[in-house]
Amino acid sequence: MKATTTILAVAILAISPTYAQNNTVDSYIQKGLKENLALKQQNFDLQKASYALKEARGLFYPTLSFRSDYFYSSGGRTVDLPLGDLMNPVYSTLNQLTGTNNFQNIANQKFNLNANDFYDHRLSVTLPLVNAEIYISNKIRKEAINQKQAEVMVYKRSLVKDIKTAYYNSIMATNQIEIFKNAAKLLQENYKLTESRVKNGKALKGNALRILSDINDNQAKLAEAENNLKTANAYLNFLTNTALSDKVAIDTTGFHFSKTQMKTPSFETSGREEITALKSALTQAEYNISLEKASYFPTINTSLNLGYQNNYLKFDPDDRYLTGIVSLKWDLFTGFQTRNRVKIAKTEATSLNTQLDETEKQFQLQLTTATNELDTAEVQFKSAKENLQSLEEYYRETKARYDQGLVLLVELNDAFTQLINGQLAFEQSNTNVLIKLAEVERTAASYQF
(Lines give C-alpha, C1' and ligand atoms only; values in the text may rest on other atoms or scores of the structure.)
Protein backbone atom coordinates (compact mmCIF):
# COMPACT_ATOMS: atom_id res chain seq x y z
CA MET A 1 0.00 0.00 0.00
CA LYS A 2 3.00 2.34 0.40
CA ALA A 3 3.43 2.67 -3.37
CA THR A 4 -0.29 3.33 -3.76
CA THR A 5 -0.12 6.11 -1.20
CA THR A 6 2.92 7.62 -2.97
CA ILE A 7 1.36 7.79 -6.42
CA LEU A 8 -1.92 9.18 -5.11
CA ALA A 9 -0.08 11.81 -3.07
CA VAL A 10 1.77 12.92 -6.18
CA ALA A 11 -1.50 13.22 -8.06
CA ILE A 12 -3.18 15.19 -5.27
CA LEU A 13 -0.20 17.57 -5.13
CA ALA A 14 -0.40 17.99 -8.89
CA ILE A 15 -3.97 19.29 -8.83
CA SER A 16 -3.44 21.88 -6.12
CA PRO A 17 -4.22 25.33 -7.63
CA THR A 18 -1.00 27.11 -6.71
CA TYR A 19 -0.15 28.93 -9.95
CA ALA A 20 2.43 31.64 -9.25
CA GLN A 21 5.35 33.33 -10.90
CA ASN A 22 8.17 30.90 -11.66
CA ASN A 23 11.58 32.50 -11.16
CA THR A 24 13.38 29.65 -12.92
CA VAL A 25 11.53 30.03 -16.20
CA ASP A 26 12.04 33.79 -15.92
CA SER A 27 15.78 33.22 -15.60
CA TYR A 28 15.72 31.10 -18.76
CA ILE A 29 13.79 33.87 -20.53
CA GLN A 30 16.38 36.46 -19.53
CA LYS A 31 19.19 34.15 -20.62
CA GLY A 32 17.50 33.57 -23.96
CA LEU A 33 17.02 37.32 -24.49
CA LYS A 34 20.74 37.75 -23.87
CA GLU A 35 22.27 34.72 -25.57
CA ASN A 36 19.89 33.51 -28.30
CA LEU A 37 21.84 33.39 -31.57
CA ALA A 38 18.94 34.31 -33.84
CA LEU A 39 18.18 37.32 -31.64
CA LYS A 40 21.82 38.36 -31.87
CA GLN A 41 21.50 38.21 -35.65
CA GLN A 42 18.46 40.49 -35.41
CA ASN A 43 20.52 42.93 -33.34
CA PHE A 44 23.31 42.79 -35.92
CA ASP A 45 20.78 43.80 -38.58
CA LEU A 46 19.69 46.66 -36.33
CA GLN A 47 23.30 47.80 -36.04
CA LYS A 48 23.62 47.68 -39.84
CA ALA A 49 20.54 49.91 -40.15
CA SER A 50 22.10 52.34 -37.66
CA TYR A 51 25.34 52.46 -39.65
CA ALA A 52 23.35 52.98 -42.85
CA LEU A 53 21.74 56.06 -41.26
CA LYS A 54 25.16 57.43 -40.34
CA GLU A 55 26.27 56.80 -43.91
CA ALA A 56 23.28 58.78 -45.24
CA ARG A 57 24.01 61.66 -42.87
CA GLY A 58 27.58 61.73 -44.17
CA LEU A 59 26.27 62.87 -47.56
CA PHE A 60 25.49 66.28 -46.05
CA TYR A 61 29.18 66.87 -45.28
CA PRO A 62 31.83 68.02 -47.79
CA THR A 63 34.06 65.46 -49.43
CA LEU A 64 37.82 66.06 -49.49
CA SER A 65 39.86 64.02 -51.92
CA PHE A 66 43.30 64.06 -53.52
CA ARG A 67 43.45 63.46 -57.25
CA SER A 68 46.41 63.07 -59.56
CA ASP A 69 46.39 62.73 -63.34
CA TYR A 70 49.31 62.08 -65.67
CA PHE A 71 48.89 62.44 -69.41
CA TYR A 72 50.95 60.69 -72.07
CA SER A 73 50.02 60.86 -75.73
CA SER A 74 51.49 60.05 -79.13
CA GLY A 75 49.99 61.06 -82.42
CA GLY A 76 46.53 62.37 -82.85
CA ARG A 77 45.31 65.66 -84.17
CA THR A 78 47.83 68.55 -84.67
CA VAL A 79 47.62 72.28 -85.39
CA ASP A 80 49.99 73.80 -87.97
CA LEU A 81 51.11 77.40 -87.31
CA PRO A 82 52.98 78.98 -90.26
CA LEU A 83 55.02 81.32 -88.07
CA GLY A 84 58.05 81.20 -90.41
CA ASP A 85 55.99 82.09 -93.48
CA LEU A 86 54.42 84.97 -91.60
CA MET A 87 57.40 86.43 -89.77
CA ASN A 88 60.48 85.65 -91.89
CA PRO A 89 59.71 88.32 -94.59
CA VAL A 90 59.24 90.87 -91.83
CA TYR A 91 62.53 89.86 -90.19
CA SER A 92 64.38 90.16 -93.57
CA THR A 93 63.04 93.67 -94.10
CA LEU A 94 64.08 94.68 -90.58
CA ASN A 95 67.58 93.30 -91.12
CA GLN A 96 67.92 95.34 -94.38
CA LEU A 97 66.67 98.50 -92.73
CA THR A 98 68.96 98.16 -89.73
CA GLY A 99 71.91 96.81 -91.68
CA THR A 100 72.20 94.03 -89.16
CA ASN A 101 71.40 90.35 -88.83
CA ASN A 102 69.61 90.58 -85.50
CA PHE A 103 66.38 89.04 -86.70
CA GLN A 104 66.85 85.35 -87.43
CA ASN A 105 64.45 83.31 -89.51
CA ILE A 106 62.16 80.97 -87.65
CA ALA A 107 60.55 77.69 -88.75
CA ASN A 108 56.91 76.91 -89.09
CA GLN A 109 55.46 75.16 -85.93
CA LYS A 110 53.27 72.10 -85.47
CA PHE A 111 51.46 71.46 -82.10
CA ASN A 112 49.82 68.22 -80.92
CA LEU A 113 46.38 68.84 -79.36
CA ASN A 114 46.84 65.95 -76.90
CA ALA A 115 48.92 66.84 -73.83
CA ASN A 116 52.04 64.73 -73.50
CA ASP A 117 54.06 64.13 -70.33
CA PHE A 118 51.72 66.43 -68.41
CA TYR A 119 50.56 66.11 -64.79
CA ASP A 120 47.76 67.57 -62.70
CA HIS A 121 47.89 67.09 -58.88
CA ARG A 122 45.03 68.65 -56.88
CA LEU A 123 43.01 68.63 -53.68
CA SER A 124 39.28 68.67 -54.39
CA VAL A 125 36.50 69.65 -52.00
CA THR A 126 32.94 68.94 -53.14
CA LEU A 127 29.72 69.84 -51.33
CA PRO A 128 26.08 69.31 -52.36
CA LEU A 129 24.13 72.58 -52.12
CA VAL A 130 20.71 71.50 -53.37
CA ASN A 131 19.89 67.78 -53.50
CA ALA A 132 16.49 66.57 -52.33
CA GLU A 133 17.46 62.92 -52.75
CA ILE A 134 20.06 63.18 -49.97
CA TYR A 135 17.54 64.68 -47.54
CA ILE A 136 14.84 62.11 -48.28
CA SER A 137 17.30 59.19 -48.18
CA ASN A 138 18.30 60.28 -44.70
CA LYS A 139 14.65 60.14 -43.57
CA ILE A 140 14.22 56.68 -45.13
CA ARG A 141 17.27 55.31 -43.30
CA LYS A 142 16.04 56.78 -40.02
CA GLU A 143 12.64 55.14 -40.45
CA ALA A 144 14.34 51.84 -41.33
CA ILE A 145 15.85 51.82 -37.83
CA ASN A 146 12.38 52.15 -36.30
CA GLN A 147 11.20 49.23 -38.41
CA LYS A 148 14.15 47.06 -37.40
CA GLN A 149 13.68 47.89 -33.73
CA ALA A 150 10.08 46.75 -33.99
CA GLU A 151 11.14 43.55 -35.75
CA VAL A 152 13.62 42.82 -32.95
CA MET A 153 10.79 43.17 -30.42
CA VAL A 154 8.64 40.82 -32.51
CA TYR A 155 11.32 38.15 -32.30
CA LYS A 156 11.80 38.75 -28.57
CA ARG A 157 8.12 38.12 -27.88
CA SER A 158 8.15 34.95 -29.97
CA LEU A 159 11.30 33.84 -28.14
CA VAL A 160 9.62 34.34 -24.76
CA LYS A 161 6.68 32.18 -25.85
CA ASP A 162 8.97 29.48 -27.23
CA ILE A 163 11.06 29.36 -24.05
CA LYS A 164 7.96 29.11 -21.87
CA THR A 165 6.55 26.35 -24.08
CA ALA A 166 9.83 24.42 -24.04
CA TYR A 167 10.12 24.77 -20.27
CA TYR A 168 6.52 23.62 -19.70
CA ASN A 169 7.16 20.59 -21.93
CA SER A 170 10.28 19.77 -19.91
CA ILE A 171 8.28 19.86 -16.67
CA MET A 172 5.50 17.78 -18.20
CA ALA A 173 8.01 15.15 -19.36
CA THR A 174 9.57 15.15 -15.88
CA ASN A 175 6.19 14.59 -14.26
CA GLN A 176 5.36 11.86 -16.76
CA ILE A 177 8.58 10.09 -15.85
CA GLU A 178 7.59 10.27 -12.19
CA ILE A 179 4.17 8.84 -13.02
CA PHE A 180 5.69 5.86 -14.85
CA LYS A 181 8.21 5.28 -12.06
CA ASN A 182 5.46 5.23 -9.46
CA ALA A 183 3.40 3.00 -11.74
CA ALA A 184 6.33 0.59 -11.85
CA LYS A 185 6.27 0.44 -8.05
CA LEU A 186 2.56 -0.31 -8.03
CA LEU A 187 2.96 -3.01 -10.66
CA GLN A 188 5.79 -4.62 -8.73
CA GLU A 189 3.64 -4.59 -5.60
CA ASN A 190 0.74 -6.19 -7.49
CA TYR A 191 3.07 -8.74 -9.07
CA LYS A 192 4.42 -9.85 -5.69
CA LEU A 193 0.91 -10.14 -4.27
CA THR A 194 -0.30 -12.11 -7.28
CA GLU A 195 2.71 -14.41 -7.17
CA SER A 196 1.94 -15.14 -3.54
CA ARG A 197 -1.65 -15.94 -4.41
CA VAL A 198 -0.54 -18.19 -7.28
CA LYS A 199 1.66 -20.15 -4.87
CA ASN A 200 -1.29 -20.54 -2.50
CA GLY A 201 -3.49 -21.72 -5.35
CA LYS A 202 -5.79 -18.68 -5.15
CA ALA A 203 -4.87 -17.24 -8.58
CA LEU A 204 -3.82 -18.49 -11.97
CA LYS A 205 -0.23 -18.10 -13.15
CA GLY A 206 -1.56 -16.22 -16.16
CA ASN A 207 -2.49 -13.36 -13.84
CA ALA A 208 1.14 -12.96 -12.82
CA LEU A 209 2.23 -13.12 -16.46
CA ARG A 210 -0.28 -10.42 -17.35
CA ILE A 211 1.15 -8.09 -14.69
CA LEU A 212 4.66 -8.89 -15.90
CA SER A 213 3.58 -7.83 -19.38
CA ASP A 214 2.23 -4.56 -17.95
CA ILE A 215 5.57 -3.99 -16.22
CA ASN A 216 7.43 -4.33 -19.53
CA ASP A 217 4.94 -2.05 -21.27
CA ASN A 218 5.31 0.55 -18.53
CA GLN A 219 9.10 0.35 -18.83
CA ALA A 220 8.87 1.11 -22.56
CA LYS A 221 6.65 4.12 -21.87
CA LEU A 222 9.11 5.30 -19.24
CA ALA A 223 11.95 5.12 -21.77
CA GLU A 224 9.86 7.12 -24.24
CA ALA A 225 9.13 9.78 -21.59
CA GLU A 226 12.83 10.01 -20.74
CA ASN A 227 13.67 10.55 -24.41
CA ASN A 228 10.92 13.19 -24.63
CA LEU A 229 12.53 14.95 -21.68
CA LYS A 230 15.92 14.91 -23.41
CA THR A 231 14.36 16.39 -26.55
CA ALA A 232 12.50 19.10 -24.60
CA ASN A 233 15.63 19.99 -22.64
CA ALA A 234 17.74 20.11 -25.80
CA TYR A 235 15.28 22.51 -27.45
CA LEU A 236 15.23 24.77 -24.38
CA ASN A 237 19.03 24.77 -24.31
CA PHE A 238 19.06 25.59 -28.02
CA LEU A 239 16.83 28.62 -27.44
CA THR A 240 19.11 29.87 -24.68
CA ASN A 241 22.34 29.11 -26.60
CA THR A 242 23.46 26.48 -24.11
CA ALA A 243 25.06 23.09 -24.72
CA LEU A 244 22.21 20.79 -25.77
CA SER A 245 23.18 18.14 -23.25
CA ASP A 246 23.16 20.52 -20.26
CA LYS A 247 20.74 19.66 -17.49
CA VAL A 248 17.65 21.85 -17.18
CA ALA A 249 16.77 23.19 -13.75
CA ILE A 250 13.24 21.92 -13.10
CA ASP A 251 11.13 24.10 -10.85
CA THR A 252 7.41 23.26 -10.64
CA THR A 253 6.57 26.42 -8.69
CA GLY A 254 3.49 27.89 -10.29
CA PHE A 255 3.46 25.20 -12.95
CA HIS A 256 -0.14 24.17 -12.40
CA PHE A 257 -2.78 26.43 -13.81
CA SER A 258 -5.15 28.58 -11.79
CA LYS A 259 -7.96 30.69 -13.22
CA THR A 260 -7.00 33.63 -11.01
CA GLN A 261 -3.66 33.92 -12.80
CA MET A 262 -5.20 34.55 -16.21
CA LYS A 263 -5.56 38.18 -17.20
CA THR A 264 -8.22 39.32 -19.62
CA PRO A 265 -6.35 40.10 -22.85
CA SER A 266 -6.80 43.40 -24.64
CA PHE A 267 -8.02 43.39 -28.23
CA GLU A 268 -6.07 46.56 -29.00
CA THR A 269 -3.70 45.62 -31.81
CA SER A 270 -1.96 48.98 -32.24
CA GLY A 271 0.59 48.02 -29.60
CA ARG A 272 1.85 45.03 -31.54
CA GLU A 273 5.30 45.54 -32.92
CA GLU A 274 4.31 43.89 -36.22
CA ILE A 275 1.89 46.79 -36.77
CA THR A 276 4.61 49.27 -35.85
CA ALA A 277 6.99 47.63 -38.33
CA LEU A 278 4.38 47.72 -41.10
CA LYS A 279 3.57 51.36 -40.39
CA SER A 280 7.28 52.13 -40.55
CA ALA A 281 7.56 50.27 -43.86
CA LEU A 282 4.57 52.27 -45.16
CA THR A 283 6.24 55.52 -44.11
CA GLN A 284 9.39 54.48 -45.96
CA ALA A 285 7.33 53.68 -49.04
CA GLU A 286 5.78 57.16 -48.90
CA TYR A 287 9.23 58.70 -48.55
CA ASN A 288 10.33 56.62 -51.51
CA ILE A 289 7.61 58.26 -53.62
CA SER A 290 9.08 61.64 -52.72
CA LEU A 291 12.55 60.29 -53.47
CA GLU A 292 11.55 59.28 -56.98
CA LYS A 293 9.79 62.62 -57.54
CA ALA A 294 12.99 64.40 -56.51
CA SER A 295 14.44 63.39 -59.88
CA TYR A 296 12.22 66.08 -61.44
CA PHE A 297 14.18 68.82 -59.68
CA PRO A 298 17.69 70.09 -60.34
CA THR A 299 20.70 69.40 -58.16
CA ILE A 300 23.36 71.98 -57.40
CA ASN A 301 26.86 71.06 -56.26
CA THR A 302 29.96 73.11 -55.62
CA SER A 303 33.62 72.12 -55.74
CA LEU A 304 36.95 73.75 -55.02
CA ASN A 305 40.25 72.53 -56.54
CA LEU A 306 43.74 73.49 -55.40
CA GLY A 307 46.67 71.96 -57.30
CA TYR A 308 49.72 72.00 -59.60
CA GLN A 309 49.91 71.64 -63.39
CA ASN A 310 53.10 71.39 -65.43
CA ASN A 311 55.31 69.21 -67.62
CA TYR A 312 58.11 66.88 -66.55
CA LEU A 313 57.05 66.93 -62.86
CA LYS A 314 58.10 70.52 -62.35
CA PHE A 315 56.79 72.31 -59.27
CA ASP A 316 57.19 76.04 -59.82
CA PRO A 317 55.17 78.56 -57.77
CA ASP A 318 53.60 79.82 -60.97
CA ASP A 319 52.22 76.34 -61.66
CA ARG A 320 49.76 76.50 -58.77
CA TYR A 321 46.11 77.06 -59.49
CA LEU A 322 42.82 77.48 -57.67
CA THR A 323 39.44 76.84 -59.28
CA GLY A 324 35.92 77.01 -57.88
CA ILE A 325 32.98 75.45 -59.62
CA VAL A 326 29.23 75.56 -59.04
CA SER A 327 27.43 73.01 -61.20
CA LEU A 328 23.74 72.52 -61.87
CA LYS A 329 22.25 69.31 -63.21
CA TRP A 330 18.64 69.08 -64.34
CA ASP A 331 17.35 66.01 -66.15
CA LEU A 332 14.70 67.39 -68.49
CA PHE A 333 13.79 64.11 -70.17
CA THR A 334 14.70 60.54 -69.18
CA GLY A 335 12.39 58.48 -71.34
CA PHE A 336 9.57 58.55 -68.72
CA GLN A 337 11.76 56.51 -66.32
CA THR A 338 11.08 58.83 -63.38
CA ARG A 339 7.34 58.82 -63.97
CA ASN A 340 7.24 55.02 -64.01
CA ARG A 341 9.41 54.75 -60.90
CA VAL A 342 6.97 57.05 -59.09
CA LYS A 343 4.09 54.81 -60.14
CA ILE A 344 5.95 51.74 -58.84
CA ALA A 345 6.59 53.49 -55.51
CA LYS A 346 2.92 54.48 -55.21
CA THR A 347 1.85 50.91 -55.92
CA GLU A 348 4.16 49.63 -53.19
CA ALA A 349 2.72 52.13 -50.70
CA THR A 350 -0.83 51.13 -51.60
CA SER A 351 0.06 47.47 -51.20
CA LEU A 352 1.56 48.07 -47.76
CA ASN A 353 -1.48 50.07 -46.68
CA THR A 354 -3.74 47.17 -47.68
CA GLN A 355 -1.42 44.72 -45.91
CA LEU A 356 -1.61 46.87 -42.77
CA ASP A 357 -5.42 46.74 -42.72
CA GLU A 358 -5.38 42.99 -43.31
CA THR A 359 -2.76 42.40 -40.62
CA GLU A 360 -4.75 44.33 -38.00
CA LYS A 361 -7.78 42.15 -38.70
CA GLN A 362 -5.62 39.01 -38.64
CA PHE A 363 -4.28 39.92 -35.22
CA GLN A 364 -7.78 40.48 -33.90
CA LEU A 365 -8.71 37.06 -35.26
CA GLN A 366 -5.57 35.51 -33.75
CA LEU A 367 -6.31 36.96 -30.34
CA THR A 368 -9.92 35.81 -30.50
CA THR A 369 -8.82 32.33 -31.56
CA ALA A 370 -6.09 32.15 -28.91
CA THR A 371 -8.52 33.25 -26.20
CA ASN A 372 -11.11 30.69 -27.29
CA GLU A 373 -8.48 27.96 -27.34
CA LEU A 374 -7.40 28.98 -23.84
CA ASP A 375 -11.02 28.75 -22.65
CA THR A 376 -11.27 25.28 -24.21
CA ALA A 377 -8.00 24.21 -22.63
CA GLU A 378 -9.20 25.47 -19.27
CA VAL A 379 -12.40 23.41 -19.53
CA GLN A 380 -10.35 20.35 -20.48
CA PHE A 381 -8.05 20.98 -17.54
CA LYS A 382 -10.96 21.23 -15.12
CA SER A 383 -12.45 18.04 -16.53
CA ALA A 384 -9.10 16.20 -16.29
CA LYS A 385 -8.66 17.39 -12.71
CA GLU A 386 -12.09 16.19 -11.60
CA ASN A 387 -11.70 12.95 -13.56
CA LEU A 388 -8.36 12.25 -11.87
CA GLN A 389 -9.89 12.67 -8.43
CA SER A 390 -12.59 10.12 -9.32
CA LEU A 391 -10.04 7.69 -10.79
CA GLU A 392 -7.91 7.91 -7.66
CA GLU A 393 -10.87 6.92 -5.50
CA TYR A 394 -11.88 4.19 -7.93
CA TYR A 395 -8.38 2.67 -7.94
CA ARG A 396 -8.07 2.92 -4.17
CA GLU A 397 -11.30 0.97 -3.65
CA THR A 398 -10.53 -1.61 -6.37
CA LYS A 399 -7.04 -2.20 -4.97
CA ALA A 400 -8.41 -2.74 -1.46
CA ARG A 401 -10.98 -5.22 -2.75
CA TYR A 402 -8.35 -7.04 -4.85
CA ASP A 403 -6.13 -7.39 -1.79
CA GLN A 404 -9.11 -9.03 -0.09
CA GLY A 405 -9.68 -11.32 -3.09
CA LEU A 406 -13.08 -9.81 -3.84
CA VAL A 407 -12.36 -8.66 -7.44
CA LEU A 408 -10.55 -10.16 -10.37
CA LEU A 409 -7.16 -8.99 -11.67
CA VAL A 410 -8.75 -7.69 -14.84
CA GLU A 411 -10.75 -5.15 -12.79
CA LEU A 412 -7.61 -4.03 -10.97
CA ASN A 413 -5.71 -3.69 -14.25
CA ASP A 414 -8.56 -1.63 -15.70
CA ALA A 415 -8.59 0.69 -12.66
CA PHE A 416 -4.80 0.98 -12.78
CA THR A 417 -4.76 1.76 -16.50
CA GLN A 418 -7.46 4.41 -16.09
CA LEU A 419 -5.55 5.99 -13.20
CA ILE A 420 -2.28 6.23 -15.16
CA ASN A 421 -4.07 7.56 -18.23
CA GLY A 422 -5.91 10.06 -16.06
CA GLN A 423 -2.65 11.31 -14.55
CA LEU A 424 -1.07 11.62 -17.99
CA ALA A 425 -4.16 13.41 -19.30
CA PHE A 426 -4.03 15.80 -16.37
CA GLU A 427 -0.36 16.61 -17.01
CA GLN A 428 -1.09 17.08 -20.70
CA SER A 429 -4.10 19.34 -20.09
CA ASN A 430 -2.23 21.33 -17.46
CA THR A 431 0.72 21.88 -19.82
CA ASN A 432 -1.63 22.68 -22.69
CA VAL A 433 -3.50 25.36 -20.76
CA LEU A 434 -0.23 27.02 -19.74
CA ILE A 435 1.02 26.93 -23.33
CA LYS A 436 -2.25 28.46 -24.50
CA LEU A 437 -1.85 31.13 -21.85
CA ALA A 438 1.63 31.89 -23.21
CA GLU A 439 0.16 32.09 -26.73
CA VAL A 440 -2.48 34.58 -25.56
CA GLU A 441 0.26 36.60 -23.91
CA ARG A 442 2.22 36.54 -27.18
CA THR A 443 -0.78 37.40 -29.34
CA ALA A 444 -1.78 40.28 -27.07
CA ALA A 445 1.87 41.42 -26.83
CA SER A 446 1.40 41.76 -23.08
CA TYR A 447 4.75 40.45 -21.81
CA GLN A 448 6.63 43.21 -20.01
CA PHE A 449 10.33 43.42 -20.87
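At what angle do the axes of helix α3 and α5 cross? Helix α3 (residues 37-57) and α5 cross at roughly 170°, and their axes come within 8 Å. Here an axis is a line fitted to C-alpha atoms, for helices over the stretch in contact, and angles run from 0 to 180 degrees between N-to-C directions. Helices are DSSP runs (H or I, at least four residues), numbered from the N terminus. That crossing angle makes α3 roughly antiparallel to α5, a label used for angles over 145 degrees. By class, the contact of α3 with α5 has 11 nonpolar, six polar and eight charged residues. In this scheme Ala, Val, Leu, Ile, Met, Phe, Trp, Tyr, Cys and Pro count as nonpolar, Asp, Glu, Lys and Arg as charged, and the others, Gly among them, as polar.

Before going on, keep in mind that this is a predicted model, where local features need pLDDT of at least 70 and side-chain atom pairs count only at pLDDT 80 or more, while totals for chains, interfaces and linings use all residues. Residues are numbered from 1 along each chain as its sequence is written, and side-chain values use heavy atoms, with hydrogens and water left out.

Stay with α5 for a moment. Its axis also comes within 8 Å of that of helix α7 (residues 273-293), with a crossing at roughly 165°, so α5 and α7 are roughly antiparallel too. The crossing of α5 and α7 is left-handed, meaning that the near helix is turned anticlockwise from the far one by less than a right angle. Their contact divides into 10 nonpolar, nine polar and seven charged residues.

Now follow the chain to α8 (residues 337-403). This helix has 67 residues and reaches 93 Å from its first C-alpha to its last, close to the 99 Å expected at 1.5 Å a residue (1.5 Å times one less than the number of residues). Just after α8, glycine 405 takes a positive phi of about 75°. Then comes α9 (residues 409-443), which packs against α8 at an angle of about 160°, with the axes 7 Å apart.

Technical notes
Helix = DSSP H or I, 4+ residues; strand = E, 2+ residues; numbered from the N terminus. Parallel < 35°, antiparallel > 145°, perpendicular 65-115°, else oblique.
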